[in-house]
Amino acid sequence: MSEQLQELLNLETVPVAVTFHEAQPDDVSRVEKVEASGCTYWRRAAEGKTFYTEASDHYNCPIGCYTHNVELPPTQMQELENTLGLMSELGYIAMEEVPGIPTRETPFKSAVYAPLSDATDTPDVVIISGTPRQMMLLAEAATAAGIGTENSVMGRPTCAAIPAVIQGGRSVSSLGCIGNRVYTVLSDDDFYFAFPGKHIDALVEKLETIVNANQALEEYHQQRQRDF
């Protein structure tokens with residue numbers, strides 16, 4: 001399925017699988033390096049690495065800890081409050097918005113990050129980054145597969161897309177946030193599409209139809225434009 005997604009969309013970055021676990025997985029090694037943000041682990045997986053993280057591996061990312069329901073020690077909890085305070089002072093976010101940010105309901109224990117092609121379990125969430133044209137095709141395929149949502153484009157924080165997909169059971173698009181773009185080096189031309197891993201068969205099936213339909217419609221519209 002990963003190969004089909006990459007071929008149909010001509011992706012430059014491989015799809016990433018994120019799977020949450022209640023205990024440490026036996027067949028996967030723990031991440032070698034603790035990163036500055038939770039979304040950096042997406043980038044590591046897209047680079048071909050498979051690993052799991054524990055709660056403490058996310059402590060450097062207070063916002064990510066909030067969206068992933070990571071229990072924070074007092075020092076990191078203070079950092080979260082300070083970060084939210086800074087964002088509020090800058091007018092980036094209003095404090096009353098914070099409770100509305102999607103968060104995982106289950107306390108974080110461990111998570112496996114992997115290229116989708118290497119995932120051994122059905123992922124909770126599959127994350128794809130790409131151009132607006134590629135994301136357009138995915139959004140249309142998701143609608144055809146019955147897992148699309150209207151007004152499903154999210155802004156900051158990017159990591160909230162993961163709990164949003166889990167809670168809603170449907171796909172979401174995320175424009176990314178400045179933190180994510182710094183830590184993952186996401187191109188200014190790209191954004192994200194995320195969907196429940198359990199629906200990947202239906203999505204890929206519809207994606208092939210949507211890609212072919214768009215190719216035919218592109219020719220139709222180009223001919224129509226020439227006629228005018």
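How many aromatic pairs does the count come to? I started my notebook with that one, and the count comes to six aromatic pairs. I'm working from a predicted model, so I'm keeping that in mind throughout.

**Entry: Phe20 and Phe108**

I looked up Phe20 and Phe108 and found their ring centres 6.0 Å apart. The planes stand at 85°, so I wrote this pair down as edge-to-face. Then I checked where the two residues sit. Phe20 belongs to strand β1 (residues 16–21), while Phe108 is in the loop between α4 and β3 (110–115). They are 88 residues apart, and the pair links distant parts of the chain.

**Entry: Trp42 and Tyr192**

Next I turned to the rings of Trp42 and Tyr192. Their centres are 5.3 Å apart with the planes at 90°, so this pair is edge-to-face as well. Trp42 lies in helix α2 (residues 40–46) and Tyr192 in strand β7 (residues 191–196), so the pair ties together parts that are 150 residues apart in sequence. I checked burial here too: Trp42 is buried, and Tyr192 is buried.

I wanted to know which residues form one aromatic cluster. My note says Tyr41, Phe51 and Tyr113. Going back to Phe20, I also looked at what sits over its ring. The charged end of Arg104 does, 3.9 Å from the ring centre.

**Entry: Thr184, back to Tyr192**

Tyr192 came up again when I looked at Thr184. The side chains of Thr184 and Tyr192 make a polar contact at 3.3 Å. Thr184 is part of helix α7. Its relative accessibility is 9%, so I count Thr184 as buried, the cut-off being under 20%. What does Thr184 touch, leaving out residues up to four places away in sequence? I listed Cys39, Thr40, Arg43 and Tyr192.

**Entry: helix α4**

I tested the length of α4 with a quick sum. Helix α4 (residues 74–89) has 16 residues, and at 1.5 Å a residue they should span 22 Å. The C-alpha atoms at its ends are 22 Å apart, which agrees.

Then I asked which way the residues of α4 face. Gln76, Leu80 and Leu84 are buried in α4. They cover an arc of only 80° around the axis, which puts them on the same side of α4. That spacing made sense to me after a reminder: an α-helix has 3.6 residues a turn, so residues three or four places apart point the same way. On the other side of α4, I found Pro74, Thr75 and Glu89 exposed. What do the buried residues of α4 pack against? They pack against α3 (62–68). I also looked at what follows the helix: Gly91 comes after α4, with a positive phi near 80°.

**Entry: helix α1**

I did the same for α1. Here the buried residues are Ser2, Leu5 and Leu9. Their arc around the axis is only 65°, which puts them on the same side of α1. Glu3 and Glu7 are exposed on the other side of α1. The buried residues of α1 pack against β4 (125–130), α5 (132–144) and α8 (200–227).

Just after α1, I came across Asn10 with a positive phi of about 55°. This is a residue other than glycine. Asn10 lies in the loop between α1 (2–9) and β1. I looked up its accessibility: Asn10 has a relative accessible area of 61%, so it is exposed, the cut-off being over 50%.

Val185 gave me another positive phi, about 60°, although Val185 is not a glycine. I placed Val185 in the loop between α7 (178–184) and β7. With 61% relative accessibility, Val185 counts as exposed.

Last, where is the cis peptide bond that involves Pro157? I found it running from Arg156 to Pro157, with omega near -10°. Pro157 itself lies in the loop between β5 (153–154) and α6 (161–168).

Note on methods. Residues numbered from 1 in each chain as written. Predicted model: local features only at pLDDT ≥ 70, side-chain atom pairs only at ≥ 80, totals over all residues. Heavy atoms only, no water. Helix = DSSP H or I, 4+ residues; strand = E, 2+ residues; numbered from the N terminus. Expected span 1.5 Å × (residues − 1). Buried < 20%, exposed > 50% of the residue type's maximum accessible area, 1.4 Å probe, protein only. Arc of directions from axis to C-beta. Contact = heavy atoms within 4.5 Å. Phe/Tyr/Trp six-rings, centres within 6.5 Å; stacked < 30°, edge-to-face > 60°. Lys NZ or Arg CZ within 6 Å of the ring centre and 35° of its normal. Polar contact = N/O pair within 3.5 Å; in protein donor to acceptor, adjacent residues only side chain to side chain.
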